[in-house]
Amino acid sequence: MTNNTSKKIRVLIADDEFDFASTLQTRLNLRDFEATMVSSGEEAVQAVEQQKPDVLLLDLKMPDLDGLEVLSRLKEMGAETKVIILTGHGSFEVGREGMEMGAFDYIMKPVDLNELIVKIEDAHGSR
Amino acid sequence: MKIADIILPNSLKGSIDLGLERRSYGRFKVILFLIMIAITAIPATTIAFLGYINYKNLLQKDEITQLKWQMDGSIGSIEQMVGSLKSVVQFIARKDRYTELTTGSSLEDLFDRLQRQYPSFADLGVIDEQGVQQAYYGSYDLEGTDYSGESWFSEVMEKGLHISPVYRGYRDVPHFAIAVSTYDPVIRKTWVMRATIEADTLQNFVGTIKTEATDDLFLVVSEGVLQTFSNYFGQPLTQTELEIEPGVRSYMSMAQEEFLIAIGDIAATPWYLVIIKNGYTSNSEWRSFRSELFILYVVCMVISVIVIFALVNMLTSLIRKADEIQIGMMKEAEHKDKLASIGRLASGVAHEINNPLAIINQKTGLVEDILNITPDFDHKHTVLESLKSIDNSVERCKAITHRLLGFARRTEVLYQHIDVNETIREVLKFLEKEMMYSRIELDLQLQDNLPNIYSDRLQIQQVLLNIINNAIDAIGKDGTISIISNLIAGEVRIVIQDDGSGIPEDMLSQIFEPFFTTKETGKGTGLGLSITYGLVKKLGGDITVRSNVGKGTAFTITLPVKVEKQ
């Protein structure tokens, strides 16, 4: 369960739903990830720029910039952060759309943590 | 309820009750039929009737004209013939012969000579001013008879001429008499020459003018007593019922035959000429006209009835077909409408619920995580079990919200050229892991060089995803899914086949209906195949299903290579 590598995977959570994001952050930290969180698209872009996290968990629906916009901004920036899209839409279309825009993968809310961890590790491993 | 509501069949009413009440096409058909028959029959009958009446009038007028003309000619002839007889008598009664004729046998000589020329003369008599017959030659001894009281004598004395009606004389032979008066300057007295002539003469006259065109022609006096033989009334001197009045009349016989009777006065005689002719009804021209008209009318009517019947049948079935199409379209629209509103409602609810679900899910996850690193305490096991149960419930809710959200996805079609095989492979990428977990083999038989179809890629992906997901669900664990693509009759066909549990026959017809599901409560929304069906139809394609319980199910999707843009 715990990751023994000296270097923890740094995960940034971008979601405006505080209860969700904070809980996810706590749980990821409990599982030996270095998780931080932001609650808007703009903040997410800034945080990626400054912290250069390994993986960004990006919610599609946020008040200022939505997930897809954040994606395109990151693409412009040439950020190396891998993006996993969190979507509440029960549609694989949006996920696909995101993946076409450069996201590594997508996962639907509510999120199964183990599944998410597999994806995070996959994403990190693909760097 | 208005009267129109009762009379009009439902098929002519508005479409409010559409599909709810069976439209009464039978009654509509009958009404249409009757209206069309009336439209055809009324003018045809009117024309036939007017033609009939007009032709009848024309024939009648023509006949009357002809009869009058014949009448005038016949009267002229008879007057001429009577006139010549009268001239003979006037000739022999030359003014100064009174003395000569009343003496000796000169009257006898005269009669002999006369009879040689005119055999119908029966006798001659010379009557003096006082009305006493002074000389007589004939079959009887009538010399000395006093005629002064007779009306004819006063008439001849007054007018100079008298022609008597036919009478049966003393010899019981029909005769008539011509008497002329003349003034003798020698004796200075008026005297009268009276000649009796056999009625046969009249019969001969009549015989010469009677033609085939007439049915009866005879002479009669004003009292109606026959003067010559009549085909209808019999021998001369028979009393007839005829009302003698000059002119042309029509007359109905007992046998309902119409006759035309023309009566004309013959000048200076007591006689009237009567011509009887069968009416136009017995005219062959009329008869043939009538039967031709009748046949024509009947044929026209029969043809109209047949044509109208066929037309009405055709029209009714056309209307019925149109109605059926309309009902079908309305049902489809209704269905779409229903789906759309369900979709809106569902997506709203799903969105609202999904976020709290995600939070519950994370919170229970966190509690679980913390408990896992916490030393055991009383009831820890129970708490963990409860958390697990909350997780399961969240999973169920998740499945439902995801389905509901999928239901409300964008509906506009975005056309582009799509490689079907590539689309199948893309979709499979999303499902590979799941299939792997469930140990499901994939058998791909994709035909190379399939033409690109012009359609909506995302929607086709959605369709394929739904069907393949269903196949995975149907198999459960361990099985094979075959996906075949090929080009058939200008359309791309995709067959997705599983060797899962199969669908019972009685459910096959319902599987595309919304909210129909065989999955256990909470597992399916019953919308997946309904959505799929709607998408395929929207893209101009078709989807069919075959299934064998225990052997598997095959969905066949047919997509047109080109879609006519609507």
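## Strands of chain B and the fold of chain A

Gly247(B) stands opposite Ile263(B), a residue of β9(B). The model is predicted: local features need pLDDT of at least 70, side-chain atom pairs count only at pLDDT 80 or more, and totals for chains, interfaces and linings use all residues. Residues are numbered from 1 along each chain as its sequence is written, with chains lettered from A and ligands numbered from 1 in the order in which they are written.

Strands are DSSP runs of E with at least two residues, helices are runs of H or I with at least four, and both are numbered from the N terminus. Two strands pair if DSSP finds at least two bridges between them.

| Strand pair | Sense | Bridges |
|---|---|---|
| β8(B) and β9(B) (residues 258–265) | antiparallel | six bridges |
| β9(B) and β10(B) (residues 271–278) | antiparallel | seven bridges |

Ala262(B) has Ile275(B) in β10(B) as its bridge partner. Five residues lie between the strands of the β9(B) and β10(B) hairpin, where Ala268(B) takes a positive phi near 65°.

Gln227(B) sits in the loop between β7 (216–221) and β8 (247–252) of chain B. Gln227(B) is buried, because 26 other C-beta atoms lie within 10 Å. The cut-offs are 20 or more for buried, 12 or fewer for exposed, and partly exposed in between, with C-beta atoms placed from the backbone. The C-alpha atoms of Gln227(B) and Phe176(B) are 9.4 Å apart, across 51 residues of chain.

Chain A holds five helices and five strands. Their order along the sequence is β-α-β-α-β-α-β-α-β-α. Chain A has 127 residues, and 49% of them count as buried.
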